[in-house]
Amino acid sequence: MRKIIFNIISVSLILLHSINTFSQLEIWTVGSAKTINKGTLEVSLFRPARYGITKTLEVSAQPFIFPVFPNAQIKKNWYDKDFSIASVHGINYPSLFLNLI
């Protein structure tokens with residue numbers, strides 16, 4: 001009985017460790033100074049669509065509300081060694097949306 005419990009715990013710990021290892025492979029770039037890779041396109045329903053122009057430059061826009069609320073952002077990563085420094089610049093044109101209200 002002890003051997004069965006020990007085996008179950010051992011397998012569970014190995015599986016949990018592998019899940020944690022694989023989760024660290026994907027870098028979260030939304031809300032951080034990191035940019036997405038060159039040529040990568042990400043499209044989401046609730047977040048802006050993003051495209052990596054270079055390793056340090058990405059553009060984004062909200063595609064589903066773009067017809068009534070045109071918007072665009074550029075994120076530039078200036079320094080990416082031990083820590084990252086980036087700036088985000090954007091433009092919004094809400095007058096089409098305000099005309100609908």
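Me: What joins the side chains of R50 and E58?

Reply: In this predicted model, a polar contact of 3.2 Å joins the side chains of R50 and E58. A polar contact requires N or O atoms within 3.5 Å, and the value for R50 and E58 is 3.2 Å, so the pair qualifies.

Me: Why is the pair of E58 and R50 also called a salt bridge?

Reply: The closest N and O atoms of E58 and R50 are 3.2 Å apart. The cut-off for a side-chain nitrogen of Arg and a carboxyl oxygen of Glu is 4 Å, so the name salt bridge applies.

Me: What makes E42, R50 and E58 one network?

Reply: The side chains of R50 and E42 also meet in a salt bridge, at 2.4 Å from N to O. Salt bridges that share partners therefore join E42, R50 and E58.

Me: Where in the fold is R50, and which residue stands opposite R50?

Reply: R50 belongs to strand β2 and stands opposite S60 in β3. Strand β2 covers residues 49-54 and strand β3 covers residues 57-61.

Me: How do you know that β2 and β3 pair?

Reply: Five bridges link β2 and β3 in the antiparallel sense.

Me: What makes β1 and β5 edge strands?

Reply: The open sheet has five strands in the order β1-β2-β3-β4-β5, with antiparallel pairing. β1 (41-42) and β5 each have a single partner strand, so one side of each is left without a neighbour in the sheet.

Me: How are β4 and β5 joined?

Reply: Strand β4 (residues 71-80) and strand β5 (residues 84-92) run antiparallel and are joined by nine bridges. They form a hairpin with three residues between them. Within this pairing, the bridge partner of Y79 is I85 in β5.

Me: Why is the aromatic pair of Y79 and F83 called tilted?

Reply: A search of the whole structure finds one aromatic pair. The ring centres of Y79 and F83 are 5.2 Å apart, with 45 degrees between the planes.

Me: Are Y79 and F83 buried, partly exposed or exposed, and why?

Reply: Y79 has 34% relative accessibility and F83 has 49%.

Me: What makes K76 a charge over the ring of W78?

Reply: K76 lies over the face of W78, at 5.3 Å from the ring centre.

Me: Why does the salt bridge of K34 and D80 tie together separate parts of the chain?

Reply: The closest N and O atoms of K34 and D80 are 2.9 Å apart. K34 lies in the loop between α1 (2-23) and β1, whereas D80 lies in strand β4, so the pair ties together parts that are 46 residues apart in sequence. K34 is partly exposed at 29%, and so is D80 at 37%.

Notes: Residues are numbered from 1 along each chain as its sequence is written. This is a predicted model: local features need pLDDT of at least 70, side-chain atom pairs count only at pLDDT 80 or more; totals for chains, interfaces and linings use all residues. Side-chain values use heavy atoms; hydrogens and water are left out. Rings of Phe, Tyr and Trp (its six-membered ring) pair if their centres lie within 6.5 Å; planes under 30 degrees apart count as stacked, over 60 as edge-to-face and the rest as tilted. Buried means under 20% relative accessible area, exposed over 50%, partly exposed in between (1.4 Å probe, protein chains only). A charge sits over a ring if NZ of Lys or CZ of Arg is within 6 Å of the ring centre and within 35 degrees of the ring normal. Two strands pair if DSSP finds at least two bridges between them. Helices (H or I, at least four residues) and strands (E, at least two) are DSSP runs, numbered from the N terminus. A polar contact is a pair of N or O atoms within 3.5 Å; within protein, one must be able to donate a hydrogen and the other to accept it, and residues adjacent in sequence count only if both atoms are side-chain atoms.
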